[in-house]
Amino acid sequence: MEDTDVIRRIVTGCSLTAALEVVGERWSFLILRGAFNGLGHFEQFQSTLGIARNILANRLSRLVAHGMMERCPCTHDKRKVEYRLTEKGEALMPVLVSLRQWGARWAACQPANTRLVDKRDGLPVQEVAVLAADGRKLGLDDVKWVVLEQDEGVIGPYEKAGHVAAAG
């Protein structure tokens with residue numbers, strides 16, 4: 001198989017596209033960040049984020065439809081609902097932490113005035129990284145994508161990892 005065919009299969013078979021369909025938009029990430037930090041009511045999200053009500057309603061509906069959040073009756077006022085992260089939504093925590101860390105290093109115009117710490121000891125969390133099975137931190141030159149051959153059930157390696165590592 002030619003290199004371009006392998007790259008095409010890696011890019012088109014990448015789950016990044018599906019993930020971006022669910023959360024690949026600014027407001028969705030900010031809503032999830034709010035939920036990770038304890039926001040749960042429509043009004044809390046709206047006032048804290050400064051998001052238009054119609055956009056917030058749309059994004060919350062999408063996050064619920066995709067199983068990232070669930071609508072639950074409010075414990076202290078049954079006329080209201082709370083939006084809570086599901087297990088699927090909570091699984092995005094490393095992604096949000098990683099994006100925040102990247103933004104603090106590369107995109108922020110000023111130093112961050114908040115820090116994510118371990119509740120147990122108050123120490124800052126480590127930088128999110130791609131780790132090998134044995135725990136080694138991996139860089140771009142240390143990884144490669146492989147195409148799983150459906151008909152043969154074997155893995156076909158692509159040797160030029162740096163060319164497609166950002167594909168998905």
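A pocket here is an open set of grid points with protein on both sides within 12 Å along at least five of seven lines. The exercises below use a predicted model.

**Exercise 1. Describe the largest pocket: its volume, its centre and its lining.**

Step 1. Take the volume. The largest pocket holds about 2100 Å³ of space.

Step 2. Find the centre. The lining has 49 residues, and L96, V97, S98, L99 and R100 are the closest to the pocket centre.

Step 3. Assign the lining to elements. Helix α3 (26–36) and helix α7 (93–107) each give at least two residues. The largest share belongs to α7, with 14 residues.

Step 4. Sort the lining by class. It has 29 nonpolar, 11 polar and 9 charged residues.

**Exercise 2. Which residues touch the most other members of the largest nonpolar core, and which elements supply it?**

Step 1. List the residues. The core has 22 members, and those touching the most others are V23, I31, L32, F45, L60 and M69.

Step 2. At least two residues each come from α2 (16–23), α3, α4 (42–49), α5 (53–65) and β2 (81–85). Helix α3 gives the largest share, 6 residues.

Step 3. In soluble globular proteins, nonpolar side chains tend to be buried together.

Step 4. Check one member. V23 lies in helix α2. Its relative accessible area is 7%, so V23 is buried.

Step 5. Look along the chain from V23. H66 is 43 residues away in sequence, yet the C-alpha atoms of V23 and H66 are separated by 9.4 Å.

**Exercise 3. Classify V11 and Q44 as buried, partly exposed or exposed.**

Step 1. Recall the limits. Buried is under 20% and exposed is over 50%, with partly exposed in between.

Step 2. Take V11, in helix α1 (residues 3–12). Its relative accessibility is 39%, so V11 counts as partly exposed.

Step 3. V11 and W145 are 134 residues apart in sequence, with their C-alpha atoms 9.9 Å apart.

Step 4. Take Q44, in helix α4. Its relative accessible area is 29%, so Q44 is partly exposed.

Step 5. The C-alpha atoms of Q44 and G34 are separated by 8.9 Å, and the two residues are 10 apart along the chain.

**Exercise 4. How many aromatic pairs does the structure have, and where does R26 lie relative to W27?**

Step 1. Search the whole structure for aromatic pairs. The count is 0.

Step 2. Turn to the charge and the ring. R26 lies over the face of W27, 4.7 Å from the ring centre.

Step 3. Compare with the distance cut-off. A charge over a ring must be within 6 Å of the ring centre, and R26 is at 4.7 Å.

Technical notes: Residues numbered from 1 in each chain as written. Predicted model: local features only at pLDDT ≥ 70, side-chain atom pairs only at ≥ 80, totals over all residues. Heavy atoms only, no water. 1 Å grid on protein atoms, 1.4 Å probe; cavity = no way out; pocket = protein on both sides within 12 Å on 5 of 7 lines; lining within 4 Å. Points joined across faces, edges and corners; volume = space filled by probe spheres on them. Helix = DSSP H or I, 4+ residues; strand = E, 2+ residues; numbered from the N terminus. Nonpolar A, V, L, I, M, F, W, Y, C, P; charged D, E, K, R; others polar. Phe/Tyr/Trp six-rings, centres within 6.5 Å; stacked < 30°, edge-to-face > 60°. Lys NZ or Arg CZ within 6 Å of the ring centre and 35° of its normal. Core = buried A, V, L, I, M, F, W, Y, C linked by side-chain atoms within 4.5 Å. Buried < 20%, exposed > 50% of the residue type's maximum accessible area, 1.4 Å probe, protein only.
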